[in-house]
Amino acid sequence: MPLSRRVPKRGFRNPFKKQYALVKISQLTRFPEGAVVDMESLQAAGLIGKRAELAKLLGDGQIDKPITVRLHKITRGARKKLEAAGGSGQEIN
């Protein structure tokens, strides 16, 4: 029998894929100046769901307050915008 008939026709679902809750940098303007933003504060503000385990900060938008962000992933553009505003970004594992 040809290989094309023996291979399953459905797609593959990776059970080890990491799902990140995405947060835009423009959404962080609701936090006060000098705040430390982490998973708990994002969940309390309603920006990510209660069941989210990982979060990633995207560089969409602008920020003008110096804040400290501690998330699992921070894009290069978001890190530049945070540092330009006087804040900092730290990746946690």
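I began with the sheet of this predicted model. I found an open sheet of 3 strands in the order β1-β3-β5, with parallel pairing. I then looked at its edges: β1 (20-24) and β5 (73-74) stand there with a single partner strand each, so one side of each has no neighbour in the sheet.

Next I looked up how β3 meets β5. Strand β3 covers residues 54-58, runs parallel to β5 and is joined to β5 by 2 bridges.

I turned to the nonpolar packing. The largest nonpolar core holds 21 residues, and L28, L42, L57, I67 and V69 have the most contacts inside it.

I picked I67 from the core and listed what it touches. Leaving out residues up to four places away in sequence, I67 touches L28, P32, G34, A35, V37, L82, G87 and S88. Of these, L28 is also among the residues with the most contacts inside the core.

Last, I went to the start of the chain. I placed P2 in the segment before α1 (3-6). Is P2 buried, partly exposed or exposed? I recorded P2 as partly exposed, because its relative accessible area is 45%. I also took a distance from P2 to E33: they are 31 residues apart in sequence, and their C-alpha atoms are 64 Å apart in space.

Note on methods: Residues numbered from 1 in each chain as written. Predicted model: local features only at pLDDT ≥ 70, side-chain atom pairs only at ≥ 80, totals over all residues. Heavy atoms only, no water. Pairing = 2+ DSSP bridges. Helix = DSSP H or I, 4+ residues; strand = E, 2+ residues; numbered from the N terminus. Core = buried A, V, L, I, M, F, W, Y, C linked by side-chain atoms within 4.5 Å. Buried < 20%, exposed > 50% of the residue type's maximum accessible area, 1.4 Å probe, protein only. Contact = heavy atoms within 4.5 Å.
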